[in-house]
Every structure is written in C-alpha cells, then in structure tokens.
Amino acid sequence: MPTNVNFSLDIFSRHGGFGGRMLDGWGLAFYDGADVRLYREPEPAGQSDWVSFIEQRRQRTGLVLSHIRRATRGAVSLRNTQPFMRELGGRAHVFAHNGDLATINQRMAGRWTRFQPIGETDSEIAFCILLEALSPLWAGRALPSVASRMAVIEAFAAQLRALGPANFIYADGDVLFAHGHRRIQQDGAIAPPGLFRLTRACGTGDAAAAASGIRIGDEHAMQELVLFASVPLTAEAWQPLREGEVAAARHGRQIKGPDFL
C-alpha cells in the first residue's frame with residue numbers, strides 16, 4: 001500500500017562498497033500514479049539540502065527507485081545522473097543501470113531515433129533503446145499486458161549482456177522490472193549475482209529496513225514489500241537473481257512466469 005518511504009543515503013551507500021561516500025551524484029524517483037517525482041543531483045548527497053527536504057515531505061508512494069552514481073562514463077553532471085526518466089504512452093518511465101556497456105554506441109548504433117540521450121552515459125543510451133523497443137506496445141490507450149512487456153524486456157536484456165555487466169531496474173508506473181547479471185564482487189571479480197531480492201510482509205516501523213538506510217512510514221500496521229538491491233541491505237534471507245533473470249513486481253508482490261501474468 002502507498003506509504004512514506006525515506007532514505008538515509010549515507011547509510012544506504014555503504015552497502016554498495018563505497019565507504020559511505022556519496023561519490024558522483026544521487027537520484028530518487030517516487031511514483032504517484034502514472035507520474036513521478038524525480039530528484040537528482042550531481043553532488044554528494046551528504047552535502048545536499050534536497051535530502052532533508054525529501055525527508056520532510058513524507059511523500060507517499062507504492063513504488064520508488066534510487067541510484068547512487070559512481071561515474072565511469074560521462075562527466076559528473078546532472079545530465080548523466082540516474083535514474084533517467086522519459087514519457088511513453090502518457091506515463092513516466094524510469095530507468096537505472098549498474099554496469100559497463102562500453103561498446104553500446106558502436107554495436108547498437110541506429111537502434112534509437114525517437115528517444116535521444118541528453119548525456120553521454122551508456123546507461124542512458126540503453127534506456128533509449130529499451131523505450132524504442134517498447135514503443136509499439138504503448139501505442140494504444142490500454143496498458144499492454146505484462147507478458148508482452150516482459151518479452152521485450154527479456155530480449156533487450158539478453159542483447160545488453162553481450163556488451164558487458166547489465167544490471168538494471170526499470171519501472172513504467174504499473175510494474176517494476178529488475179534484471180540481474182554481473183557486478184564487481186568483493187574479491188574484484190566481475191561475476192553474478194548482480195542483484196538481490198527480498199520479498200516479505202513487515203511492520204512499517206521495520207527496524208531492519210531502517211538500519212539499511214530505508215525508512216518506511218507508519219500509515220499501515222503491516223506492509224507487503226519487494227525490495228531489489230545490488231547487495232543485501234539487511235541480515236535477512238535475500239535471494240540472488242539468477243544470471244540473466246528478469247523479475248517483475250507490482251503492488252508489493254512479485255509476479256513472474258505465465259501463471260502470474
């Protein structure tokens with residue numbers, strides 16, 4: 001159910017192996033129906049008044065994405081700060097990627113026309129390509145089926161995996177899709193898993209979530225959650241996504257496979 005979700009980004013970032021540094025920018029996307037409140041800055045979150053402002057707003061949402069940037073491609077600037085957002089089918093679509101798609105410009109040239117990148121990152125180019133592929137599904141007024149969206153996203157993810165580490169989270173305001181691939185592990189190897197998942201019901205004053213840097217509001221006694229993260233955020237039984245797996249979640253519940261769509 002929609003509830004208050006706030007982030008302590010200094011705590012949150014430590015789980016990514018960044019030593020608590022905010023690095024090269026941060027972004028938060030809070031969905032409100034088909035639209036989204038998007039906050040992004042190319043500065044360290046620990047020095048940002050925006051973070052305090054967001055906490056004071058106590059925004060209610062049923063779907064939120066966050067990203068902390070470690071710049072590998074493109075300048076440290078707003079245009080290169082994730083998550084990225086575009087309109088398609090009268091809805092706000094949001095995308096965040098973790099990985100390195102070094103040859104995407106050359107190997108997938110010409111795959112984006114309507115959607116153009118504003119910045120220089122491989123991640124934004126990937127998002128533009130995904131939206132181009134999804135565009136035919138969103139040509140009508142009705143929501144496309146989850147099965148049809150999943151088919152396009154799985155094919156797109158397979159193409160990205162041929163270019164390099166391709167973990168991403170994508171949302172269209174109705175469903176959140178998460179693709180796990182490979183990432184730099186603690187031993188320095190680039191290997192799976194690239195994303196983890198936690199599904200559970202909990203009290204909204206949940207201490208485990210708060211300790212991870214995510215604070216969930218208290219409008220409801222219990223809350224169903226699906227969390228995706230690059231690494232486990234709590235001591236609970238987070239499950240790694242299989243290499244190449246695309247998971248989907250709606251209204252706090254995971255949906256996957258033909259029996260769920």
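Biologist: Which residues do ring pairs link into a cluster?

Modeller: This is a predicted model, where local features need pLDDT of at least 70, side-chain atom pairs count only at pLDDT 80 or more, and totals for chains, interfaces and linings use all residues. Residues are numbered from 1 along each chain as its sequence is written, and side-chain values use heavy atoms, with hydrogens and water left out. Rings of Phe, Tyr and Trp (its six-membered ring) pair if their centres lie within 6.5 Å; planes under 30 degrees apart count as stacked, over 60 as edge-to-face and the rest as tilted. Linked by such pairs, the cluster is made of Phe30, Tyr39, Trp50 and Phe53.

Biologist: And how many aromatic pairs are there by this rule?

Modeller: One of them is Phe95 with Phe127, stacked at 5.1 Å centre to centre with 10° between the planes. The count comes to seven.

Biologist: Are Phe95 and Phe127 buried or exposed?

Modeller: Buried means under 20% relative accessible area, exposed over 50%, and partly exposed in between (1.4 Å probe, protein chains only). By that cut-off, Phe95 and Phe127 are both buried.

Biologist: What about Tyr170 and Phe177: how far apart are the centres of their rings?

Modeller: Tyr170 is buried at 1% relative accessibility, and Phe177 is buried at 0%. Their planes are at 20°, so the pair is stacked, and the ring centres are apart by 5.9 Å.

Biologist: Within what arc do the buried residues of H5 fall, seen down its axis?

Modeller: Buried residues in H5 include Val146, Arg149 and Leu160. They line one face of the helix, because the arc is 165°.

Conventions: Helix = DSSP H or I, 4+ residues; strand = E, 2+ residues; numbered from the N terminus. Arc of directions from axis to C-beta.
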